[in-house]
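User: Please take me through the backbone and side-chain features of this structure, one question at a time.

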Amino acid sequence: MARIVIALHAAPAADVPAQNRSLLAYHYAQAALVSGHHIDMVFFYSAAVVHAQQPAETQAVALWQAFAHEHNIPLVICNTVAETGYNMNVDELVAPFQNGGLSEFSMAAAAADHVIQF
């Protein structure tokens with residue numbers, strides 16, 4: 001089966017038409033696992049970095065948190081975008097989101113069979 005890296009670019013509460021991308025990516029990830037594939041990382045870039053600052057009661061954030069805990073899949077945000085574009089304190093991310101960058105994403109993407117973007 002395939003090794004997959006998912007890159008998410010939309011905020012969890014984005015405007016139409018991007019508003020459902022986080023949930024679509026989540027459902028894709030669930031289906032990929034059920035189909036026997038392995039997800040190496042979910043990378044949150046651009047507006048998607050705000051997943052790591054949203055309160056856990058946000059549906060998309062809560063789903064990603066449960067997904068990461070259940071399947072031990074890293075949820076990595078781009079710390080440069082978070083700090084410079086959204087003034088986020090990357091030391092206070094919602095668990096289990098973690099800091100990373102394009103280097104971590106590039107290494108994971110190079111090792112993966114597929115990179116899927118939402």
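**Salt bridge and backbone**

Analyst: At 15% relative accessibility, D40 is classed as buried, where buried means under 20% relative accessible area, exposed over 50% and partly exposed in between (1.4 Å probe, protein chains only). This is a predicted model, in which local features need pLDDT of at least 70 and side-chain atom pairs count only at pLDDT 80 or more, while totals for chains, interfaces and linings use all residues. Residues are numbered from 1 along each chain as its sequence is written, and side-chain values use heavy atoms, with hydrogens and water left out.

User: Which residue forms a salt bridge with D40?

Analyst: A salt bridge here is a side-chain nitrogen of Lys or Arg within 4 Å of a carboxyl oxygen of Asp or Glu, and a search of the whole structure finds one. The pair links distant parts of the chain, with D40 in strand β2 and its partner in strand β1 (residues 3-8), 37 residues apart; strands are DSSP runs of E, at least two residues, and helices are runs of H or I, at least four, numbered from the N terminus. The closest N and O atoms are 2.9 Å apart, and the partner of D40 is R3.

User: Is N87, with its positive phi, buried or exposed?

Analyst: Most residues other than glycine have a negative phi. N87, in the loop between α3 and β4, has a phi near 50°. Its relative accessible area is 69%, so N87 is exposed.

User: What is the omega of the peptide bond from A95 to P96?

Analyst: P96 lies in the loop between α3 (79-86) and β4 (97-100). The bond from A95 to P96 is cis, with omega near 5°.
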